[in-house]
Amino acid sequence: MAKNLLIVESPAKAKTIEKILGENFEVKSCYGHIRDLEKGDMGIDVHNNYKPRYIVPEDKEKVVRELKSLAKKSGEVWLATDEDREGEAISWHLCEVLGLDPATTKRIVFHEITKPAIQSAVNRPRTVDMNLVNAQQARRILDRIVGFELSPVLWRKMSMKNNLSAGRVQSVAVRIIAEREREINAFTATSQFKIEAVFTAKDLSGKTVPFTAEGKRQSSAENAENFLKSCIGANYSVTDIQVKPARKTPPPPFTTSTLQQEASRKLGYGVSRTMILAQKLYESGKITYMRTDSVNLSETATEATTKQIASQYGRQYVQNRRFKNKNESAQEAHEAIRPTYMENMTVEDSDCRRLYELIWKRTMACQMADAELEKTTAKIQISTNKEELSATGEVLKFDGFLKVYMEDRDDDDLTEEERQEGMLPPLSVNQVLPLREMKAIERFSRPLPRYTEASLVKKLEELGIGRPSTYAPTISTIVKRGYVEKRDKEGVKRDFRILELRGGEIKKLVEQENTGAEKSKLFPTDLGLVVTDFLKQYFDDIMDYNFTARIEEEFDEVAQGKMLWSKMIDDFYNPFKKDVEKTIETAERINGERELGVDAQTGKKVIARMGRYGPMVQIGDVNDEEKPRFAKLKNTQSIETINYDEAMELFRLPRNLGSFEGSDLTVNIGRFGPYIAHDKKFYSLGKEYDPYSISFEEAVPLVVEKRAAKEQRTIKVFEKEKIQVLRGPYGPYIKQGLRNFKLPKEKQETAADLSLEEVKAIIEEVKANPPKRVPRRKKS
């Protein structure tokens with residue numbers, strides 16, 4: 001009897017499931033999507049109910065052929081692609097390509113790859129849910145329409161060397177980052193003086209320990225000094241002590257979004273890395289499905305977690321909970337991300353281990369008892385001015401879920417009081433406290449921090465933009481397109497004042513702190529800012545947060561069968577198409593131009609703007625008799641914030657460092673970054689060197705070293721034709737201009753003997769028959 005064919009999305013998943021199902025099933029992978037919209041003419045017939053035109057991409061033709069062959073030989077074809085809308089669409093595409101009827105073909109879904117879950121799914125197959133397919137199809141078609149119609153508008157209205165693109169979710173994500181950047185740039189820090197008094201008291205063991213109390217903040221240095229003066233010679237007595245019980249409850253189990261956020265805070269993982277590792281854990285049967293917005297746990301999972309908590313920590317640590325989703329569209333039938341077997345506290349795979357343990361701890365914690373605390377607040381009166389100081393402390397009475405897990409929070413979610421809470425020694429009312437010192441410390445207000453990948457995901461989720469499967473690709477796209485950079489920012493030194501009262505005397509001090517340092521944050525590029533402004537001006541709906549969230553809700557309605565997908569697209573497309581046509585006709589070209597001042601030497605205006613190769617400053621105008629002068633901005637500069645002096649500094653290049661071996665040694669910045677020029681040859685300058693400050697003594701060894709390395713690589717040079725035969729890590733190759741051409745194997749050993757005619761013939765042959773690029777298999 002012929003085996004049944006079960007088709008899944010990935011080879012790893014196939015391997016795991018085949019072990020479970022045994023000999024009745026052959027399990028094969030389709031490697032993600034097997035069809036996509038045609039590239040030409042949008043791939044959509046907008047005049048025929050937005051009918052999509054699908055093709056099998058070249059890199060999937062072999063996979064499809066193999067699946068067709070296996071399907072013919074099989075007893076029955078079953079579909080087991082992922083349980084989300086994307087997975088449902090892949091199942092439908094498989095039906096279309098393999099000639100299966102979606103209304104009768106068996107389709108199974110499961111939240112975890114375990115024997116009970118797989119067997120249960122096989123015993124209760126369903127058919128392809130066309131509502132879910134249509135919701136995914138609507139998303140793909142609408143996003144193709146937006147990209148296909150908007151991107152050419154940008155190409156026409158903005159001169160850039162790379163093809164610009166716009167997208168429904170990606171453009172809104174860039175707007176969020178751009179608006180935060182502008183808030184930061186417009187922010188003016190104000191200062192106040194924080195009053196901190198250090199007292200001493202005896203702890204339970206009789207040892208004298210210090211503790212801190214705080215007073216009302218003072219608005220100026222003068223007020224702070226007057227306050228400290230009024231405290232000279234004062235007595236300090238405790239007037240009131242309040243002890244209140246407090247509880248901390250555990251967070252719910254992970255959704256896609258919260259896993260991405262917590263993996264970023266605790267493990268330092270980017271969103272894409274988190275999802276790659278989570279996919280690996282899911283496919284190997286270690287965790288449940290990793291793309292979910294549900295916080296629901298099955299009864300079986302709750303029981304298994306309870307059992308694990310009781311055996312590991314005792315019954316007093318158990319407290320069962322059912323968590324409800326805030327997001328109405330989240331499907332309660334789906335589950336949160338959790339381990340498949342709670343008794344497995346870790347996994348062998350070293351790459352996945354830290355993420356798995358994070359998921360295990362969070363799942364355990366959500367079914368554990370509250371942490372019980374005791375919060376103490378002591379009021380201390382100053383005898384000379386009757387002002388009050390407050391000291392607060394916290395004591396943990398029962399650790400509860402904190403025994404396993406403490407949720408991290410973003411910088412902007414923490415208050416200063418939360419950062420500083422500690423324990424207080426035992427105090428009593430009327431107790432007189434000895435003052436060790438009192439300080440008034442200048443503290444500056446801070447702007448909201450720039451987004452990390454995780455905090456951007458949180459913001460997108462709060463606004464209802466995107467879904468679990470779209471967060472990681474959205475962030476990858478905006479970085480890849482050059483609209484956003486992920487980088488560190490060095491802090492700057494800032495003076496702050498301290499007034500110190502000790503022994504009846506007030507001292508004035510000035511100290512320094514590092515401010516503004518940020519790590520792995522998302523910064524909008526000048527390109528991102530200029531494109532955002534253009535799209536906001538001409539395509540307000542596309543860039544509107546509520547509009548984008550409403551589109552997501554309409555996808556949900558299509559998935560629930562409450563809305564026809566073609567009508568949804570039609571309602572969007574007609575007004576959008578009119579906006580596109582109007583913009584092409586009426587909008588001016590954009591370059592984000594900003595006038596900085598007038599050059600003192602020439603009297604010509606100095607502007608910062610976007611050029612063909614990125615942000616730059618310019619002296620003069622293209623209409624002047626004399627050609628304008630241009631200079632590229634540094635990576636840390638922006639056309640929005642650069643000032644006149646910083647711009648003029650950029651025109652110090654090219655710099656002549658001196659003469660070396662009878663030729664000038666100059667440094668400059670070109671299209672591909674900083675370089676040193678010497679004797680008509682060019683040597684790139686590494687990031688560790690600043691072209692504006694590198695000295696002659698530093699440059700000479702670099703030239704000597706790079707020249708030697710270049711000579712070692714060079715096999716043959718045809719100067720006139722600008723053709724080189726070079727040694728590379730994979731063998732000899734030909735370089736003509738910026739293009740490389742691989743040498744045929746039979747010519748590699750005799751590369752040094754090649755004539756100009758032979759080299760030209762090889763170049764022509766490669767150009768006529770370029771090697772095929774094999775795209776990476778991925779789920780689009």
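This is a predicted model: local features need pLDDT of at least 70, side-chain atom pairs count only at pLDDT 80 or more; totals for chains, interfaces and linings use all residues.
Good morning, colleagues. Local features here require pLDDT of at least 70 and side-chain atom pairs count only at pLDDT 80 or more, while totals for chains, interfaces and linings use all residues. Residues are numbered from 1 along each chain as its sequence is written, and side-chain values use heavy atoms, with hydrogens and water left out.

I begin with the chain as a whole. The protein chain contains 22 helices and 30 strands; these are DSSP runs numbered from the N terminus, helices being H or I of at least four residues and strands E of at least two. Its C-alpha trace spans about 95 × 85 × 60 Å along the principal axes. Of its 780 residues, 46% count as buried. Buried means under 20% relative accessible area, exposed over 50%, and partly exposed in between, with a 1.4 Å probe and protein chains only. Among contacts with a separation of 6 or more, 69% come from residues 24 or more positions apart, a contact being heavy atoms within 4.5 Å.

Next, helix α2, residues 61-73. Its 13 residues reach 19 Å from first C-alpha to last, close to the 18 Å expected at 1.5 Å a residue; the expected span is 1.5 Å times one less than the number of residues. Which residues of α2 are buried? They are V63, V64, L67, L70 and A71. Seen down the axis of α2, these fall within an arc of 130 degrees, so they line one face of the helix; the arc is that of the directions from the helix axis to the C-beta atoms. They pack against β1 (4-8), β2 (25-29), β7 (77-79) and α3 (85-98). On the other side of α2, K62, R65, K72 and K73 are exposed.

Helix α22, residues 756-768, can be described in a similar way. The end C-alpha atoms of this 13-residue helix are 18 Å apart, which agrees with the 18 Å it should span at 1.5 Å a residue. Its buried residues are L756, V759, I762, I763 and V766. Down the axis of α22 they lie within an arc of 125 degrees, and so line one face of the helix. Their cover includes β27 (714-718), β28 (723-728), β29 (731-736), β30 (739-742) and α21 (745-748). The face turned away from the buried side of α22 carries the exposed residues E757 and A768.

I turn now to a helix pair. The axes of α6 (residues 168-186) and α15 (residues 526-538) come within 9 Å and cross at roughly 110 degrees. Axes are lines fitted to C-alpha atoms, for helices over the stretch in contact, and angles run from 0 to 180 degrees between N-to-C directions. The two helices are therefore roughly perpendicular, the term for angles of 65 to 115 degrees. Where they meet, S171, V174, R175, A178, E179 and R182 of α6 face G528, L529, T532, D533, L535 and K536 of α15 in contact.

Finally, two residues. E112 sits in the loop between β8 (106-107) and α4 (115-123) and is buried, with a relative accessible area of 12%. Leaving aside residues up to four places away in sequence, E112 touches A117, I118, Y282, T288, E335, R338 and T340. The C-alpha atoms of E112 and E283 are separated by 8.7 Å, although these residues are 171 residues apart along the chain. S151, in helix α5 (residues 130-157), counts as buried at 6% relative accessibility.

Notes: Angles under 35 degrees count as roughly parallel, over 145 as roughly antiparallel, 65 to 115 as roughly perpendicular and the rest as oblique.
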